Amino acid sequence: MKELQEGLRMPYRDFWVAYLDAHRKPATRGMHYLATLTGIGGAVLAVWLEFLWFMAGGIALGVVIAVSSHHLIEHNQPLIRVNPFYGAVSDLRMCWLALTGGLTAEYARLGLGRPGPKERVATVPARDTAARPA
C-alpha cells in the first residue's frame, strides 16, 4: 500500500518517463495497444447494445492483457499498482504517439534512447599488455 500512496503523489512527468522505460519491447507495447482496443471496443459495445457490463468486461480484459504482458514479455512490474489513473492516461498517450509516429521521438526527448530492449554493454576485461612478450 505504501507504493500506491507514494505513486499517487508522484508528478505525472516522472511517471511518464518510468512508464515508457517499462514498455521498451515492441511486443509489450503491442499487447498494450491490443488491451486499449479491447477496452474501447467494450465501451462502444456497451453504448451500442445498451448493456453496461460490456464496458466493464472490456476494460477488465484489457487490464489483464496489459498486466500479463509485463510478466510474460517485459519481465518487469506493471505500474498499475503505482498509479492506476496515470497508467490509463499513459497507455492512451503511448497508443496515440504510436499511431501518429511520435513514439521514437518521445523516447529520445526523454533521454531513454530508442524504444526497444535496453542495450547491455558487455564488459571485456582489459588485457595486460605489459605482461605480453613483444
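A: A residue is called buried under 20% relative accessible area, exposed over 50% and partly exposed in between, with a 1.4 Å probe and protein chains only. The model is predicted, so that local features need pLDDT of at least 70 and side-chain atom pairs count only at pLDDT 80 or more, while totals for chains, interfaces and linings use all residues. Residues are numbered from 1 along each chain as its sequence is written, and side-chain values use heavy atoms, with hydrogens and water left out.

Q: Is Glu 106 buried or exposed?

A: Glu 106 counts as buried, at 9% relative accessibility.

Q: How many salt bridges does the structure hold?

A: A salt bridge is a side-chain nitrogen of Lys or Arg within 4 Å of a carboxyl oxygen of Asp or Glu. The structure holds three.

Q: Which residue forms a salt bridge with Arg 109?

A: Glu 106 is the partner of Arg 109, with 2.8 Å between the closest N and O atoms. Helices are DSSP runs of H or I with at least four residues, numbered from the N terminus. Arg 109 and Glu 106 are three residues apart in helix α6, which means a separation of about one helical turn.

Q: Which side chain meets that of Arg 93 in a salt bridge?

A: Arg 93 also pairs with Glu 106, at 3.4 Å from N to O. This pair links distant parts of the chain, 13 residues apart: Arg 93 lies in helix α5 and Glu 106 in helix α6 (residues 103-109). Arg 93 is partly exposed, at 31% relative accessibility. Through shared partners, salt bridges join Arg 93, Glu 106 and Arg 109 into one network.

Q: With which residue does Arg 24 form a salt bridge?

A: Arg 24 pairs with Asp 21, the closest N and O atoms lying 2.9 Å apart. Arg 24 is buried, at 6% relative accessible area, whereas Asp 21 is partly exposed at 24%.

Q: Which helix gives the largest share of the lining of the largest pocket?

A: Helix α4 gives the largest share, seven residues. At least two lining residues come from each of α3 (26-49), α4 (53-74) and α5 (84-100).
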